[in-house]
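Take a look at the model below. We will go through it step by step.

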Amino acid sequence: MSDLFAALALAIVIEGLLYAAFPDQMKRMITQMLEIPSGHLRWYALAIAMVGLVFLAFVRL
């Protein structure tokens, strides 16, 4: 369980650093995401999650 919380904390840190380093680009990306249909966004998110799971499996082996 501590690994889960550590991973979530790291994700928050990375996201915060991205917003701090590139605020204008992050705002632009958010407005572009609003134009993507929800179905496509859902499939993109699932694909990225699967890539993350595969990467995690390789790291944990």
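**How the helices meet**

Helix α1 (residues 2-21) and helix α2 (residues 23-35) have axes that come within 5 Å and cross at roughly 110°. That makes α1 roughly perpendicular to α2, a label for angles of 65 to 115 degrees. Helices here are DSSP runs (H or I, at least four residues). Axes are lines fitted to C-alpha atoms, with angles from 0 to 180 degrees between N-to-C directions.

This is a predicted model: local features need pLDDT of at least 70, side-chain atom pairs need 80 or more, and totals for chains, interfaces and linings use all residues. Residues are numbered from 1 along each chain, and side-chain values use heavy atoms, without hydrogens or water.

Which residues of α1 and α2 meet? Leu18, Tyr19, Ala20 and Ala21 in α1 meet Pro23, Met26 and Ile30 in α2. Contact means heavy atoms within 4.5 Å. The residues of this contact are seven nonpolar, no polar and no charged.

The structure also holds one salt bridge, meaning a side-chain nitrogen of Lys or Arg within 4 Å of a carboxyl oxygen of Asp or Glu. Asp3 pairs with Arg60, and their closest N and O atoms are 3.2 Å apart. Asp3 lies in helix α1 and Arg60 in helix α3 (residues 38-60), so the pair ties together parts 57 residues apart in sequence.

Terms used: Helix = DSSP H or I, 4+ residues; strand = E, 2+ residues; numbered from the N terminus. Parallel < 35°, antiparallel > 145°, perpendicular 65-115°, else oblique. Nonpolar A, V, L, I, M, F, W, Y, C, P; charged D, E, K, R; others polar.
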